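Here is a short walk through one protein chain. Keep the sequence and the 3D view open as you read.

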Amino acid sequence: MDLRRRKLLILGANQETAALVNTARELGVYTVVTDYDHHAYAKNFADKAYDVDGMDVPGLIALARAEGVDGVLVGVADRLIVPYQQVCEVLGMPCYGTLEQCAIFTDKQKFSQRCLEYGIPPIPSFHLGRDFCEDDLERLRFPLFIKPVDGNSGKGITICHDKNEVGTAIEKALAFSQSGRFLVERYMDCDDFFINFTFKDGEFWPSAIADRYTCREQGNLSRVCLGATYPSKHVDSYFDTLHDKFCRMFKDLDVQNGVLMVSAFVEDGLIHVYDPGFRLQGEAPNLHIEAVNGFDQKAMLIRHALTGSMGAEDLNTMNDCHFRGKHAATIWYLAKEGRIGRIEGIAEATADPFVFKVVQRLFEGDLVTHQMVGTEAQVVARLYMVCDTKEELVGKVKQFQDAVVVHDEKGVRMLLDGFDVGAI
């Protein structure tokens, strides 16, 4: 079906949502974007922009009706998934998630409970109330993570090394929780990877499985990602131990369409899952999926929002989470606190034949505040590459971790160290 001149309302306008807006416009779709922030980045690329808050369901419904939109789609923001489902339900427009699915896949606690029912291990956790007593703290095993149940992008997360840090960590988590709830989990110091799923007409495929490398330079703040490599060394373990269980869970939940990313740790050979994301991701594994496997999750979600169909792609043929023998990586460049004075190496990286995309988020003159540190807001850029061999990949990752340099206004280097290429 021709999408030209169809009108789509996109909820949220952060920087990562700009790619979704651009893809819609390339398909000929008229884009209407709304975000409470008048200066939100993705608004710069839309045909029309509004300041209606993505949490304001009545306001969104009124906006959709006033604009006469043909569909509604959530961008790259966890907290807007439930409002997106509610708006679609009232308007009778296609939504890739049901009320139950959206509730489970946006709530870390509900997701962990559902996984346990299917024998999928979550991260070991501890029950702790906001009004805890000294005896409650004696049960805890340090270090541990304290985070909001419904947070994302590293916001509100603290690594606690002793009981004196617990109270402050809880208040921080609650400040970033829409529902006023927090989780206390064991700190996992082990391999970290993710599984990105594509759903289409009741079938699903793991479309990308990647190892993730995280920052350890920032004390007890959230370990922001430094990069990822595809395919993961844990692909076989996933299929041997978890795939059939996820099949049963997704079938029982009747997941029909959409995309979902599930993060996981591997400790002593056992996979522990955490943090579902029922949406496109800021780190954009969809870019590698498109580059290697030839289908675009963004375009599929746009088509579904406007027609109720994810499209005609034959994913049984196209999808390969082993990436057809190729090796791929994403490099994240993280800046320390300060004002950016000079960025070098981006143009050279973009021109390299192994690099197919560089997404820059921060520019010369931008300020990295204390509040941004420990969250994805401190990401200067992400670089995406595909190589034929692992040896090529290792060399290119090292090359471009060294080649991109960021200085503050006084000439002091601002970038945190990259991940150890030996880990690949």
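**Overall build**

Buried residues account for 57% of the 424 residues in the protein. The model is predicted. Its secondary structure comprises 14 helices and 19 strands. The radius of gyration is 21 Å, close to the 22 Å that the globule rule gives for 424 residues, so the protein is as compact as a globular protein of that length. Along the principal axes, the C-alpha atoms fill a box of roughly 55 × 50 × 45 Å.

Take the contacts between residues at least 6 apart in sequence: 66% of them join residues at least 24 apart.

Next comes the surface. The accessible area of the protein is about 17,500 Å². Carbon and sulfur atoms hold 48% of that area. As for charge, the protein carries 45 positive and 62 negative charges.

**Strands β1 and β2**

Start with strand β1, residues 7-11. Strand β1 pairs with β2 in the parallel sense, over five bridges. One of the bridge pairs is L11 with T34, the latter in β2. Strand β2 covers residues 30-34. How enclosed is strand β2 by the rest of the structure? Four of its five residues are buried, so β2 is largely enclosed.

**A residue in helix α3**

Move on to helix α3, residues 81-91, which contains V87. Is V87 buried or exposed? The relative accessibility of V87 is 0%. Buried means under 20%, so V87 counts as buried.

Which residues does V87 touch, leaving out those up to four places away in sequence? They are V57, L60, I61 and V72. Consider L60 in particular. V87 and L60 are 27 residues apart in sequence. In space, their C-alpha atoms are 7.0 Å apart.

Now go to strand β10, residues 203-214. Of its 12 residues, 11 are buried, so β10 is largely enclosed by the rest of the structure. Strand β10 has antiparallel bridges to β9 and to β11.

Take β9 first. Strand β9 spans residues 191-200. Nine bridges join β9 to β10, and the two run antiparallel. I195 stands opposite I209 of β10. The two strands form a hairpin with two residues between them. In the turn, D201 has a positive phi of about 55°.

Then look at β11, residues 225-230. How many bridges join β10 to β11? There are four, and these strands also run antiparallel. T214 has C225 in β11 as its bridge partner.

Follow the chain on from β11. Y230 and P231 are joined by a cis peptide bond. Omega there is about -15°. P231 sits in the loop between β11 and α8, the latter at residues 235-241.

**A glycine in strand β13**

G277 belongs to strand β13, residues 270-277. Its relative accessible area is 4%. Buried means under 20%, so G277 is buried.

What does G277 touch, beyond residues up to four places away in sequence? Its contacts are D78, F105, V259, L260 and M261. M261 is 16 residues from G277 along the chain. The C-alpha atoms of G277 and M261 are separated by 5.0 Å.

Finish in the loop between α12, residues 315-318, and β14, residues 327-334. F323 is located in this loop. R324 is in the loop between α12 and β14 as well.

Check the backbone angles. F323 has a positive phi of about 60°, although it is not a glycine. Phi of R324 is near 55°, again a positive value in a residue other than glycine.

Where do these residues stand in terms of accessibility? F323 has 0% relative accessibility, so F323 counts as buried. R324 has a relative accessible area of 43%.

Technical notes
Residues numbered from 1 in each chain as written. Predicted model: local features only at pLDDT ≥ 70, side-chain atom pairs only at ≥ 80, totals over all residues. Heavy atoms only, no water. Buried < 20%, exposed > 50% of the residue type's maximum accessible area, 1.4 Å probe, protein only. Contact = heavy atoms within 4.5 Å. Pairing = 2+ DSSP bridges. Rg over C-alpha atoms; globule rule 2.2 N^0.38 Å. Areas by Shrake-Rupley, 256 points an atom, 1.4 Å probe, with all protein chains shown as cover. Lys, Arg positive; Asp, Glu negative; His and termini not counted. Charge placed at Lys NZ, Arg CZ, Asp CG, Glu CD.
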